[in-house]
Amino acid sequence: MIPVNYITSILTFFSIFCIFAFGQNIMLGYAGLPMLGYMGLVAVGAYTTAILSTAYNLPFIVTLPLSCLMTMLIAFAVGWLFMRGKLAGAYLVVGSIGFNFIVVAILLFAPWFGRMFGIGPIPAPEILGYRFSSSVDFSILGLFFVAIVAYIDRQLSRSALGLGLKALREDGIAAESSGVNTVRLKVLAFILGSFQAGIGGCLYAYYIKSVFPTYFEFVHSVEVFTMVILGGMGTTLGPIVGALVPTLVPEALRGNVPMEARFLIYSIIIIIVVLFEPTGILGVNSRVRRLLSRLARLKL
Amino acid sequence: MTGVEAWIGFDGYNGAMLAVEEINMVGGINGRPIQLINYDDGGSPEGAVTVSRKLIFEDGVVAGILNQGSELALASGKIFDGENIPALVPWAGHEDIVKGGWCFRVGLTARAPGKAMGYYAYTVLGAKKLACVVTVDPYEESYAEAMKEVFTKLGGQVVYDKLVEFGEKEYTAMLTEIKASGADVILGPHDFSMSIPFTSQARGLEVMTPIMFGSSSCVPEYLDGVKDVGELGGGVFVLSYMVFEDPLTSQYAEKYEARYGKAAGPTASYTSYDCIKMLAQIIEQAGDDPAKIREGIMALKDFKGVGGTIAKYEQGECLKPIPIYSIKENKFVLAQLVTELEYISPF
Amino acid sequence: MIQQLVNGLALGGLYVTFAIGMALIYSVLRVLHIAHGAMILVGAYCSLLLLPFFGDNLVITIIIGMLVAGFVGTLVGMGVYVRLLKSKSSTKYDTILLASVAILIASQEALMILFGVRHKQYPTPINSLTINIFGISLFVIQIACALVSFVSMFVLWVFLTKTDEGRALRALDQDPQLASLSGVNPLKTYIITLFTGSMLGGLSGGLLSLYYNDVHPEIAFVPVNIALAVIIVGGLGSIPGTIIAGLILGILETTALAYIPLTFPRTLVSFIVLIVILLLRPRGIMGRP
């Protein structure tokens with residue numbers, strides 16, 4: 001008996017994590033902006049979807065783009081405010097933590113968003129009459145969007161805009177002195193890295209069928225951050241590999257290990273990987289990547 | 001084999017198993033052993049639904065015991081209602097769970113304790129002004145609401161009302177304001193990691209009014225945490241679901257500890273034990289037809305459980321006297337058992 | 001009301017105690033030491049769990065907690081941070097940040113496994129002891145925190161200005177390249193910084209857990225967040241700034257909680273102040289541009 005439900009459920013979460021990782025990768029991997037509050041943006045997307053689908057009964061084809069729009073708007077606002085102030089490094093980190101915290105606090109304490117009860121149940125999304133309700137449905141939907149996001153990422157990474165963003169990461173000063181408007185570029189990085197939060201947040205809300213403020217707390221932003229760094233910053237395959245880690249590791253440990261040990265082992269894995277491969281498993285110069293390219297050359 | 005049950009969290013499961021073992025040891029019900037089938041709902045409503053369906057359709061249970069968390073119990077409860085199988089709710093507190101007609105609560109909603117506390121504060125403690133600081137938690141907010149309602153209906157006034165996030169331990173600002181507001185009774189947050197600093201800070205700031213807490217503070221850790229401070233000033237009054245001194249309850253605690261090697265834990269284990277015992281009693285008399293079991297539950301009167309005595313059932317909610325404890329010589333001492341129907345009814 | 005002001009200052013004093021360690025480590029290593037939370041936890045757990053071995057003497061256990069935290073912090077810092085700092089990658093600070101967070105999470109989980117998930121209390125709680133002057137109450141532990149802050153500020157000042165190692169620290173802080181050229185040994189300086197900062201973290205953990213009478217793996221999470229806000233508002237790299245910022249945030253939080261009729265989490269105030277400062281004056285109150 002193949003546990004179809006189990007596998008497709010994992011696959012769905014994996015694809016949602018992938019999408020988040022792609023978004024964070026643009027901010028962190030390409031532009032080098034250490035933003036540690038990604039789930040704050042995801043919350044915007046997820047709650048937009050939740051509110052629009054429950055209170056206004058809007059269909060999936062409407063909620064998805066609107067969630068992306070809201071997320072990008074907020075990202076633009078936050079990005080502009082932060083970049084205008086030339087925030088970088090530690091300041092940006094703490095500022096984004098603050099952003100995440102404020103978003104969750106608003107969701108928990110303000111009366112408009114369901115507070116601790118969250119919002120739900122969220123109806124199943126429908127495309128052209130087909131209702132996506134089972135894990136199989138969602139995993140297909142999820143993978144479809146991963147493909148789209150990955151494709152966009154590939155195109156971006158090869159474009160002039162993409163190269164410009166990467167230049168920001170390597171040497172912001174050089175970029176600045178060669179006439180590039182770094183502020184505008186950084187804000188753009190924020191916006192470009194946020195529509196994935198909209199897509200991912202939307203799918204997340206539909207799949208879990210409810211949204212609660214605790215899903216978007218700072219600790220989960222750390223998970224997204226982890227995915228990008230472990231997988232390999234600034235690469236297209238990196239986020240995919242990175243998303244494998246929080247998906248596979250808890251499952252692999254589930255059987256034999258009690259729950260507390262799971263997080264411990266998970267964090268230790270992070271520390272070890274980071275010590276040996278600071279740019280990530282598929283990072284620019286990592287051993288795995290070198291091995292793969294050597295293999296590729298041998299085959300030919 | 002009479003099949004029963006569902007999933008309730010470790011302490012609840014242990015409690016229920018204890019009951020099952022006791023019953024089966026003396027030959028079961030009407031000569032047949034009782035079987036407890038337990039599944040893990042994985043903490044999600046979908047899991048709860050999947051598991052409920054499994055129990056009803058695949059395992060053919062005659063009655064269920066629902067999960068601890070309210071959202072989960074809501075989901076499972078609907079399945080049991082829909083399939084006409086009775087279910088008992090040992091702990092979850094959301095009002096809607098028992099509205100379907102086939103689910104019956106063995107624990108309490110948050111409202112009944114809240115009302116009892118409001119009554120106690122006004123009538124017994126003689127307080128006229130209530131200050132309220134509780135966590136942003138559906139359960140706590142619910143009983144705080146109930147307490148405020150009763151308190152104001154009886155003639156009191158709420159002079160301070162704030163919510164804090166879970167885990168908050170810094171109360172000096174609020175307590176100073178409460179002192180200035182002239183409140184003569186305070187309702188504090190009930191989790192003991194919060195109520196301990198709340199009490200210490202209050203007494204340290206010379207706020208000497210009586211303080212009341214919900215049942216999560218009725219634990220030894222609270223006593224340890226407030227050692228010398230618990231009896232200062234107006235004293236501390238803590239709600240409980242069970243009367244510990246009741247021989248049934250204390251015997252259960254001993255049995256549990258002997259069997260499992262640890263303390264009987266929170267109310268859920270007591271009430272889960274009671275669920276099994278109740279069902280056993282009813283099945284013994286009415287047989288194992290689910291519809292008859294349901295009638296039996298509705299007709300129950302004065303069931304003496306280890307988690308408190310159930311006076312009767314009304315619209316799915318049980319009516320139980322509610323004990324309130326105070327502290328003397330570092331121990332919990334029963335201050336009052338609220339039995340007035342008006343103040344123990346969740347409606 | 002004066003009592004509220006006192007409350008605020010006292011709270012600020014508490015905030016300063018856990019922020020100083022982090023500020024010190026940042027000023028020399030340029031690392032956001034989120035793992036400082038682990039030092040707070042080490043200090044708290046040592047203070048409580050070693051009591052039976054030392055005749056319930058709090059002073060001894062707190063001091064031991066400090067020393068243990070100092071050692072652990074130095075080991076972690078040297079083993080992880082310094083190693084990663086050597087990398088030439090442009091993204092090394094992000095990686096270090098991740099490692100720091102992972103260390104904190106790992107220590108929380110490890111403590112949970114080792115010592116259980118129930119909150120623990122001190123056998124003889126002293127957190128309600130207050131002294132009362134002219135109708136104003138002040139908790140004894142708050143006084144202890146204030147003392148700690150002042151003493152450590154004084155000691156740090158003496159250390160940084162009067163001793164060779166201290167001057168080396170400042171040199172490294174100002175201009176790393178020049179400092180190493182003139183013979184300053186960065187490793188030795190790092191060790192001293194890590195040890196001192198972590199020691200202060202351990203001490204703050206002991207005091208924090210005493211004040212709230214709560215020992216549990218998650219008690220460091222909120223203090224770490226607050227410390228982050230404090231060091232930024234005060235100005236990264238400035239110790240006096242940290243102290244001023246801590247006090248101000250304490251007063252602001254207390255005042256907001258007391259006088260604003262809405263319901264909100266206390267730390268929201270600090271984060272809002274943080275964001276405002278980041279937007280208006282990113283270098284903080286006393287930071288260098």
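How many residues of chain C are in contact with chain B, and how many of chain B with chain C? Counting contact as heavy atoms within 4.5 Å, 33 residues of chain C touch 26 residues of chain B. This is a predicted model, in which local features need pLDDT of at least 70 and side-chain atom pairs count only at pLDDT 80 or more, while totals for chains, interfaces and linings use all residues. Residues are numbered from 1 along each chain as its sequence is written, chains are lettered from A and ligands numbered from 1 in the order in which they are written, and side-chain values use heavy atoms, with hydrogens and water left out.

The size of an interface is often given as the accessible area lost when the parts come together. Here buried area is the accessible area (1.4 Å probe) that two parts lose on being put together, summed over both. Chain C and chain B bury about 2,600 Å² between them, and carbon and sulfur atoms give 53% of that area. There are two salt bridges between chain C and chain B, a salt bridge being a side-chain nitrogen of Lys or Arg within 4 Å of a carboxyl oxygen of Asp or Glu. One of them links Arg266(C) to Glu168(B), with the closest N and O atoms 2.6 Å apart. Polar contacts are pairs of N or O atoms within 3.5 Å; within protein, one must be able to donate a hydrogen and the other to accept it, and residues adjacent in sequence count only if both atoms are side-chain atoms. By that rule, 10 residue pairs are in polar contact across the interface of chain C and chain B (both at pLDDT 80 or more).

The side of chain C that touches chain B draws at least two residues from each of helix H1 (2-29), strand S1 (130-133), strand S2 (136-139), helix H8 (186-212), helix H10 (239-259) and helix H11 (266-280) of chain C. Helices (H or I, at least four residues) and strands (E, at least two) are DSSP runs, numbered from the N terminus.

Turn now to chain A and chain C. Here 41 residues of chain A are in contact with 42 residues of chain C. The buried area is about 3,600 Å², with 83% of it on carbon and sulfur atoms. Tyr91(A), Val94(A) and Phe101(A) supply 17% of the area that chain A buries against chain C, more than any other three residues. H4(A) gives the largest share, 12 residues.

Within chain B, strand S11 (residues 301-305) and strand S12 (residues 308-314) pair in the antiparallel sense over four bridges; strands pair if DSSP finds at least two bridges between them. A hairpin of two residues joins S11(B) to S12(B), and Gly305(B) stands opposite Gly308(B) in S12(B). The open sheet has three strands in the order S11-S12-S13 (chain B), with antiparallel pairing. Its edge strands are S11 and strand S13 (317-319) of chain B, each pairing on one side only.
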